[in-house]
Amino acid sequence: MTTALGAEAYRELLSAALPEATDADTLLPNLHTLFTPDSHRVALYVDSTVVRGGRGVGKTFWYRSLLDETLREVAAEEYGIERLRRLIVSPGYGAAVEPDLYPGTGVLRQLVEEGVRPYDLWYAVLLTALGQAELRDLPEWRDRVTWVRANPGAAERTVQQADREAQQYGTTRLVIFDALEHLHRVRAQADRLVGGILELALSMRLGTRSIRCKVFIRPDMFDGALLHFPDASKLTANAASLTWSNANLYGLLFHYMGNHDSEYAERFRRITDGWETDAFGRRHIPPALLRGDERSQAEQFAQIAGPYMGANYRKGNTYTWLPNHLMDGVEQVSPRSFLSALNKAVAETLGKYAGHEYALHHEGIRRGVQTASETRVREVGEDMPWVRLAVHPLVGRQVPIEQDTVTELWREARLTDVLRKEAERYEVGNEEDTLVRTGPRYPDDPDRLIEELIALGVMRRRRDGRIDLPDVYRIAFNIGRKGGVPRVAG
């Protein structure tokens, strides 16, 4: 690599290239933002029916990319998945309001209250996607579901004909589902609805050759749906998970930097030699070393943030420090947290350390991690309010902590009663509440509750048996660790 850009130039490039909003609903995929980490290849296989992933790992990003013919072409080229070029993709459910293609939240709640069988509902969605003429003439989903129940033979013939035509033309009809946390505010009903989606997906997988479903889903929601449709476990054999390694995360960062439309981005590509232009001529592909070689990435990031988180190596290496402190208990980092931390690091450096010799000051990076922690805890609180309630009795303590101490703190806080009241509150729900709130499976059993928190990545068990919290949760929960990153003051 040749001489790097100066600190101010790097800072300008980062400020411009990093997305301002890292929320999935506001960040739309395009040729410049589409990054294809190797670990996501399996999720893009047409026969990978279930794609599991927590918040901020890319479920909605890939859902929207699959709906875009150009982005599918890019993914097909870079992943070497030829079937992606021969897809006809339809949305089965998503965050966007498309009442002609699938029912919205209000309609879903009404249909559930009327006792509609979830499988019949999603079967109507599938048949609509396949072009069933009689269904398209019925504007109300209640009437479409009634038609499905009254015309099983016609419905089966529609599927058979679509399957036969797809085989004839060498294509696959793919119906994709996302944003399942918006299905129903009551967890039990959401589980039933997800179970119906999975039942339909399995039926198409077993009964057709060229009609498939792909379901982007949070792991806890998939586990909950298994209670209502046990056969969904048959889909786990070909399930995929959206995961991000350190190399993937930094590859994403450099991809953003190299694909911004600016002079600084062009200079960055020149000094990190080996970039290629894709077949569309509008997208720059990072060199292999910058995409996936941690040593090369560390050298480049040191040009941006310096080699150490302070005066010397004892303070930590900047390349590893950032993802290590954003990692949850199952050693996963979401790109949303990673980009959020970098965004804050740039802003903090500009505001307080503008004369620093590097584009990012180590205190800015620390502040970025603190901000990402607050965001992560807020997201978990929205998805699973019980997690915040379970961790709250530990506030002011230090980790690692003995498991017996945790369970004793829970008893003193009467956590079981608190969790029960919380579950009742969301069971009643309200019209403004549009997210599925998940609860613990074993609220009355402290030891199993800890195991569930460990499975979620909120806690982890050390070799000596003590309970720990990763920094990405610990900081915002105001739980201490000797020598650890402090909580944000105020």
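A residue is called buried when its relative accessible area is under 20%, exposed when over 50%, and partly exposed in between, using a 1.4 Å probe and protein chains only. With that in hand, look at strand S2, where six of its seven residues are buried. Helices (H or I, at least four residues) and strands (E, at least two) are DSSP runs, numbered from the N terminus.

Some ground rules. This is a predicted model, in which local features need pLDDT of at least 70 and side-chain atom pairs count only at pLDDT 80 or more, while totals for chains, interfaces and linings use all residues. Residues are numbered from 1 along each chain as its sequence is written, and side-chain values use heavy atoms, leaving out hydrogens and water.

Back to S2. Six bridges join S2 to strand S3 (residues 172–177) in the parallel sense; two strands pair if DSSP finds at least two bridges between them. Across that pairing, Val 89 stands opposite Leu 174.

Just after H4 comes Gly 80, with a positive phi of about 70 degrees.

Next, the domains, whose bounds come from an automatic or database assignment. There are domain 1 (38–241), domain 2 (245–380) and domain 3 (384–481). Taken over C-alpha atoms, the centres of domain 1 and domain 3 are 33 Å apart.

Now salt bridges, meaning a side-chain nitrogen of Lys or Arg within 4 Å of a carboxyl oxygen of Asp or Glu. The whole structure has 34 of them. Which residues does Arg 218 meet in this way? One is Asp 220, at 3.1 Å from N to O, and another is Asp 383, with the closest N and O atoms 3.3 Å apart. Asp 383 is in helix H18 and Arg 218 in the loop between strand S4 and helix H11, 165 residues apart. Arg 218 counts as buried because its relative accessible area is 4%, and Asp 383 is buried too, at 5%.

For another setting, take Glu 299 and Arg 295, which form a salt bridge at 3.9 Å, N to O. They are four residues apart in helix H15, so about one helical turn separates them. Glu 299 is partly exposed at 45%, and Arg 295 is exposed at 68%.
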